[in-house]
Amino acid sequence: MTTPTPPPPPDGYGAMPPAPNLQPGRPPNENSFRAGEPPPPGKPHNPWPIVIGLGAIVVVLVIGVIITAALVLLRGEEDPTAKPGPLTVTATPSTSATAPAPGGLAADLFEGDWRFKLGDVSMNATYVAAQDYPDCGPIASAALEKKGCDYAAMGIHDAEGGKLRMLRVIYVFDSEAEATAAAESVKETDFDLPTGSLIADDVIGKWVAKDSSKAVVVGFVTAQKGVPEATVDDYLHYGTADIAGALIFMDL
């Protein structure tokens, strides 16, 4: 009696997909069958390698799931399917990004000698005084307070051998819109300047107002005889613009 020969396995039976490559590039010694190709010829068909191979696949898949889950837990931000968790932000004090409390601008922007350089322009002024105001009343008129002025700060510096005095006042408002409106409509009578903030025996006196963020920077420059008007203009322009520029980077 002749034992019937079992039919050959269908195409692709027992074929295994390439093993996952965890390293960049494909190793030169990696060999695997492509799906649909039969095993190498000359070897009898034995179902046990198939069973063992399937079991190995299951083990690999289980290990892969465990490793993937661990990676997601440890590095969830790199998983494209992971939802963002709560974000914790730690604030770091910075003179250019920290919101100054009312009464802190004088130390940040005015204390110390003023040294300015922009291209070919170089200017220096000696520190005289600085002060913070928790409200605008002592240094502004009631009209300016009604426009939304919240708090203020001022700084005084001298130059040209003590013949020129530069006073800069910062008026902080509740919003940028209020500051812009105030800068466009402010008048000389809106200021109540401290005694001694303008130089004595002045023959030239000029002022200008610039809005910056939620603040209005008002510059006053007074000078005695012998100081060129062009010098007064330079201190007025650059001194006021310097403070206005610094305020742009501060969260008032």
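A residue is taken as buried when its relative accessible area is under 20%. In this predicted model, Arg165 has a relative accessible area of 16% and is therefore buried. Arg165 lies in strand β4, which covers residues 164-173. The side chain of Arg165 makes a polar contact with the side chain of Asp158, at 2.8 Å. Leaving aside residues up to four places away in sequence, Arg165 touches Val128, Ile156, His157 and Asp158, together with Gly196, Ser197, Leu198 and Ile199, and also Phe220, Val221 and Thr222.

The model contains 1 disulfide. This disulfide is formed by Cys136 and Cys149, with the sulfur atoms 1.9 Å apart. The two cysteines are 13 residues apart and link distant parts of the chain: Cys136 sits in the loop between β2 (121-133) and α3 (142-146), whereas Cys149 belongs to strand β3 (residues 149-159). The angle about the S-S bond is -70°, and the link of Cys136 and Cys149 is left-handed. Cys136 and Cys149 are both buried.

Helix α5 comprises 20 residues, 229-248. At 1.5 Å a residue the helix α5 should span 28 Å, and its end C-alpha atoms are 29 Å apart, so the two values agree. The buried residues of α5 include Thr231, Val232, Tyr235, Leu236, Tyr238 and Gly239. Also buried in α5 are Thr240, Ile243, Ala244 and Leu247. In an α-helix there are 3.6 residues a turn, so residues three or four places apart point the same way.

Note on methods
Residues numbered from 1 in each chain as written. Predicted model: local features only at pLDDT ≥ 70, side-chain atom pairs only at ≥ 80, totals over all residues. Heavy atoms only, no water. Disulfide = S-S within 2.5 Å. Helix = DSSP H or I, 4+ residues; strand = E, 2+ residues; numbered from the N terminus. Buried < 20%, exposed > 50% of the residue type's maximum accessible area, 1.4 Å probe, protein only. Expected span 1.5 Å × (residues − 1). Polar contact = N/O pair within 3.5 Å; in protein donor to acceptor, adjacent residues only side chain to side chain. Contact = heavy atoms within 4.5 Å.
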